[in-house]
Amino acid sequence: MIVTTLVLAGLSTTLALDNGLALTPPMGWLTWERFRCITDCEKYPNECISESLIKRTADFMVSEGYLEAGYEYLGIDDCWLEKTRGPDGRLVPDIKRFPNGMKAVADYIHSKGLKFGMYEDYGTKTCAGYPGVLGNEKLDIETFVEWEIDYLKLDGCYVNISQMDDGYPAFGKMLNETGRYILYSCSWPAYMEPDFVHPNYESIAKHCNLWRNWDDIEDSWSSLTKIMDWFGDNQNRFAKYAGPGHWNDPDMLLIGNFGLSLDQARVQMAVWAVLAAPLLISTDLATIRPEFKEILLNKDIIAVNQDPMGKQGLRVWKKTDRGTKARLEIWSRELHDGSFALAFVSQRDDGIPYAASFNFDDMSLTPADYEIYDLYKDEKMRLLKSNEDFEVRINPTGVKFYKFVPMRSNEDVKIAGVTTRPVTADAVVNSVLNKLD
């Protein structure tokens, strides 16, 4: 596994940010989606953005198995600052909420075996109105290095998008030249795409470890499906730029909060695994319900997300029912061992399970015999023969997520007298994009 990862990393150096980080999609926890910009610690002592919240979360990430599962980054998003810089021009953490300063927070996080993530903004202000880095880039990077951060999310409020194509790479270069290994998360394209300005994804992949592509996710099924639809509709423009060291980011996991049912939470985890998306939890680990925790810690689905080949999956099939207007779709990702992860997603919301059958062309698979494993463990392993259709029954606004493993006897498959091998990732990509054109 290690050798494979290193080889793949070497093959991707023409695109990847040269810091050796994020060879698989980053995993961790961020404050924003669940805790937003809660700063009143007297009124909300367990929810305000504070040293106490971060330390408590660090403890839970270790004791509840999140770190062991791969969630290694613990990140503070917006609203950690004082409203003005200090007399020396440096960024100042809120004195009341972070009384011991950020270096002490970093030391605590590191003592737990975790890595420390921070938020800033490339503009003059952060999105919540706190000091941004523009005009103070060198000083702020020096400050981050002194605090020993391991991850920086750089947002894009209060700056003209015309400055981003040069500004984000320049900032990343300065970050890299410090000699400290700091994962670089860019919000670069997220401010261009909504204005119908097509970002230069080749440049973005060269200069960032991950990048937010589009809208902020909100805690609802409608927001989740809106982002899924956008990624599926636009995948031909950016999917090819994902790989070891550089990843498309559809935003944080909603799992464990208020807006998703259990089935809907399973949808996000499955589709994010297929997309090779960063898995960034944003929920209260002190109060998360066991069934949602089980989704986040599902080892088989995490393994799909962390597959060392790093090939982003695609939406390979979709259909809207004329009568119910319900959407059914298939998301597929090829894995390093020649198997495929397939998510069958129903956006049907009328309370009726969706029963359907699919042929190999629908699933963008070469006909062969497969062993099929349910990654949510609702079904026993079953076999699919090369001359059969695949039947599936999906809960409303739910998913069935499987790993299709070609049987060894079908390593070479004879179809109409021609010997072939299971379809490659490139073949899948080209086939899907040709269908969509």
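Trainee: Is the disulfide of C186 and C208 left-handed or right-handed?

Mentor: Happy to start there, and keep in mind that this is a predicted model. C186 and C208 form a disulfide with sulfur atoms 2.1 Å apart. The torsion about their S-S bond is about -95°, so the disulfide is left-handed.

Trainee: Which parts of the chain does the pair of C186 and C208 link?

Mentor: The two cysteines sit 22 residues apart, so to speak in distant parts of the chain, by the definition of helices and strands used here. C186 belongs to strand β5 (residues 183-186), while C208 is in the loop between α8 (201-207) and β6 (210-212).

Trainee: Are C186 and C208 buried or exposed?

Mentor: Buried means a relative accessible area under 20%. C186 has 0% relative accessibility, and C208 has a relative accessible area of 0%. Because both values fall under that cut-off, C186 and C208 are buried.

Trainee: How many disulfides does the count come to?

Mentor: A disulfide is a covalent bond between the sulfur atoms of two cysteines. Here a pair is counted when its sulfur atoms are within 2.5 Å. By this rule the count comes to four disulfides.

Trainee: What pattern do the disulfides of the chain follow?

Mentor: To read the pattern, count the bonded cysteines along the chain. The disulfides then follow the pattern 1-4, 2-3, 5-6, 7-8.

Trainee: Is the link of C41 and C48 left-handed or right-handed?

Mentor: C41 and C48 form a disulfide, and their sulfur atoms are 2.1 Å apart. The angle about the S-S bond is 100°. That makes the link of C41 and C48 right-handed.

Trainee: Where are C127 and C157 in the chain?

Mentor: C127 and C157 form a disulfide with sulfur atoms 2.0 Å apart, and with 95° about the S-S bond their link is right-handed. This pair links distant parts of the chain, 30 residues apart. C127 is in the loop between β3 (115-121) and α6 (137-147), and C157 is in the loop between β4 (151-155) and α7 (164-177).

Trainee: Let's turn to helices. How are α9 and α10 oriented to each other?

Mentor: Two packed helices are described by the angle between their axes and the distance between the axes. The axes of α9 (residues 221-238) and α10 (residues 262-274) come within 11 Å and cross at roughly 25°. Angles under 35 degrees count as roughly parallel. The two helices α9 and α10 are therefore roughly parallel to each other.

Trainee: Which residues meet where α9 contacts α10, and how many are nonpolar?

Mentor: From α9 come W221, L224, I227 and M228, and from α10 come Q264, V267, Q268, V271 and W272. The residues of this contact include two polar and no charged ones, and the number of nonpolar residues is seven.

Trainee: Which residues in helix α5 are buried?

Mentor: What covers the buried residues of α5 (residues 101-111) includes α3 (51-63), β2 (73-75), β3 and α6. The helix is followed by G113, whose phi is positive, near 85°. The buried residues in α5 are G101, M102, V105, A106 and I109.

Trainee: What is the phi of A22?

Mentor: Most residues other than glycine have a negative phi. A22 lies in the loop between α1 (2-11) and β1 (27-30), and A22 is buried, with a relative accessible area of 12%. Although A22 is not a glycine, its phi is positive, about 55°.

Trainee: Is E148 buried or partly exposed?

Mentor: E148 is in the loop between α6 and β4. Phi of E148 is near 65°, a positive value in a residue other than glycine. With a relative accessible area of 29%, E148 is partly exposed.

Trainee: What percentage of the residues in the chain is buried?

Mentor: There are 13 helices and 18 strands in the chain. Of the 437 residues in the chain, buried ones make up 56%.

Technical notes: Residues numbered from 1 in each chain as written. Predicted model: local features only at pLDDT ≥ 70, side-chain atom pairs only at ≥ 80, totals over all residues. Heavy atoms only, no water. Helix = DSSP H or I, 4+ residues; strand = E, 2+ residues; numbered from the N terminus. Buried < 20%, exposed > 50% of the residue type's maximum accessible area, 1.4 Å probe, protein only. Axes fitted to C-alpha atoms, helices over the stretch in contact; angles between N-to-C directions. Parallel < 35°, antiparallel > 145°, perpendicular 65-115°, else oblique. Contact = heavy atoms within 4.5 Å. Nonpolar A, V, L, I, M, F, W, Y, C, P; charged D, E, K, R; others polar.
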